[in-house]
Amino acid sequence: MTVEKASVLLVGSGGVGTIAALNLETGGRASVTAVLRSNYNVVKEKGFKISSCDHGVLEGWRPTEVVNKVPSASEKKFDYIVVVTKNVPDCPPTVAQIIAPAVMPGHTVIVLVQNGLNIQKPIFEAFPDNICLSAVSVIQSHEIEHGVVENDDTDNLSIGAFHNPKLSVEKEQAVAKEFVEIYKAGGKCITTYVEDVPFSRWRKLMYNTCINSVAAVTGMNTGELQLAKGTVDGLIRPLMDEVRTAAKAAGVQLPEDITDFFINNALEPIDMYFEPSMLVDVKKGNFIEFENIVGEPLREGTALGVPMPTLKTLYHLLSAIQYKTKIARGTVTIPPKGDYLAQR
Ligand SMILES: NC(=O)C1=CN([C@@H]2O[C@H](COP(=O)(O)OP(=O)(O)OC[C@H]3O[C@@H](n4cnc5c(N)ncnc54)[C@H](OP(=O)(O)O)[C@@H]3O)[C@@H](O)[C@H]2O)C=CC1
Ligand SMILES: CC(C)(CO)C(=O)C(=O)O
């Protein structure tokens with residue numbers, strides 16, 4: 001018996017998105033149309049070159065279809081839109097604006113394979129009748145040049161449903177479980193259904209909010225951060241304590257030993273010198289996802305009465321870095337330098 005393939009629109013085929021497309025196609029239960037932007041021409045012509053710990057080296061790989069624009073729902077009906085762009089709501093277009101043309105109200109399931117907290121809120125607002133899934137990714141995958149992807153760690157995806165109070169929780173969870181089956185059908189990734197999405201999101205923040213962002217501000221990889229005296233105990237631990245306390249205030253109990261767990265496992269070994277994604281973005285001159293990774297936990301914790309002084313300082317440093325990128329990319333204009341010498 002042949003099973004009909006799910007029709008998937010994948011938006012954002014960089015480091016993580018390309019491996020997601022590959023896993024979806026490998027399982028044979030999905031047919032992927034990928035929307036590409038800066039890598040469109042090179043991939044259309046030559047396909048992706050992928051070096052992956054789980055898939056080996058692939059030259060000229062493409063999903064079923066590659067396009068350079070989000071198709072409209074009237075052109076093609078998609079069962080899922082899998083979003084794997086960076087999520088930068090402070091630098092429009094927003095995710096909701098990007099995917100809007102392809103969303104069929106009440107039909108399309110929107111899957112957010114992105115870091116950060118509360119990323120579902122603008123999706124619920126824009127598409128109140130569509131199920132939205134959370135996919136928390138642990139993978140090390142980067143596009144090192146257009147169309148060239150290096151994936152060093154198994155694609156480990158924790159999938160669950162963001163609960164939209166307007167929709168049936170049973171239906172949302174059934175859809176999440178079905179997507180897990182589609183995603184893992186190829187057997188080359190670790191894909192788990194999670195019921196407690198807030199837990200899985202806050203848990204991941206322990207890394208992203210506290211390590212990723214310190215790496216971005218300092219320009220240092222995980223090995224250098226550990227070697228720099230005082231950074232782990234004076235900066236990363238206090239940040240983790242603040243995030244854990246905010247999670248608790250929000251009703252999410254992270255285990256007491258989680259700080260030691262992340263410090264002893266996620267940063268090791270020192271000579272791995274790993275660059276988290278926000279550091280990669282700063283180095284590439286890309287916008288950073290600081291509003292969802294740092295701003296949202298800060299706003300949520302503060303609103304619940306949790307003092308977060310270290311995180312607040314980090315937030316403002318990241319905000320300044322984002323502004324610097326906006327100047328460099330010309331998305332803001334600043335007044336020209338005044339001629340003060342002439343007035344002396
Ligand atoms: N990299 C990693 O190892 C990990 C990343 N994550 C998370 O996964 C998500 C994706 O990250 P990552 O893969 O690293 O990001 P990348 O920057 O590698 O890829 C993002 C892709 O989205 C594309 N894109 C952005 N906007 C659009 C648009 N409007 N239309 C079409 N394509 C678009 C970008 O194109 P362009 O090149 O033109 O900008 C780029 O190809 C993020 O939320 C990140 O935090 C989570 C775990 C690990
Ligand atoms: C922690 C890590 C590396 C997980 O894959 C990540 O989320 C990132 O680099 O943003």
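Reply: Pro93 sits in the loop that runs between β6 (80-83) and α3 (95-99). In this predicted model, the peptide bond joining Pro92 and Pro93 is cis, with an omega of about 10 degrees. A cis bond also leads from Glu268 to Pro269, where omega is near -10 degrees. Pro269 is likewise a loop residue, placed between α9 (258-266) and α10. As background, most peptide bonds are trans, and most residues other than glycine have a negative phi.

Asn118 has a positive phi, near 65 degrees, and is not a glycine. Asn118 belongs to the loop between β7 (109-112) and α4 (121-126). Another positive phi, near 85 degrees, is found at Gly147 in the hairpin of β9 and β10, where 2 residues lie between the strands. One of the pairings is between Glu145 and Val148, the latter in β10.

The residues around ligand 2 are Asn115, Val138, Ile139, Gln140, Tyr207, Asn208, Asn212, Pro276 and Ser277. Here 4 count as nonpolar and 5 as polar, with no charged residue in the shell. Helix α6 gives the most to the shell around ligand 2, namely 3 residues.

Helix α6 (residues 197-218) also packs with α10 (residues 277-284): the two axes come within 7 Å and cross at roughly 25 degrees. Angles under 35 degrees count as roughly parallel, and α6 and α10 are therefore roughly parallel to each other. Their crossing is right-handed.

On the level of annotation, an unreviewed UniProt entry assigns residues 8-163 to "domain: Ketopantoate reductase N-terminal". In the model, the chain over residues 8-163 is 19% helix and 35% strand, and the C-alpha atoms at its ends are 21 Å apart.

Technical notes: Residues are numbered from 1 along each chain as its sequence is written. Chains are lettered from A and ligands numbered from 1 in the order in which they are written. This is a predicted model: local features need pLDDT of at least 70, side-chain atom pairs count only at pLDDT 80 or more; totals for chains, interfaces and linings use all residues. Two strands pair if DSSP finds at least two bridges between them. Helices (H or I, at least four residues) and strands (E, at least two) are DSSP runs, numbered from the N terminus. UniProt positions are given in the numbering used here, feature names are shortened, and annotations may be inferred rather than shown by experiment. Axes are lines fitted to C-alpha atoms, for helices over the stretch in contact, and angles run from 0 to 180 degrees between N-to-C directions. Angles under 35 degrees count as roughly parallel, over 145 as roughly antiparallel, 65 to 115 as roughly perpendicular and the rest as oblique. A crossing is left-handed if the near helix is turned anticlockwise from the far one by less than a right angle, and right-handed if clockwise. A residue is near a molecule or strand if its C-beta atom, placed from the backbone, lies within 6 Å of it. Ala, Val, Leu, Ile, Met, Phe, Trp, Tyr, Cys and Pro count as nonpolar, Asp, Glu, Lys and Arg as charged, and the others, Gly among them, as polar.
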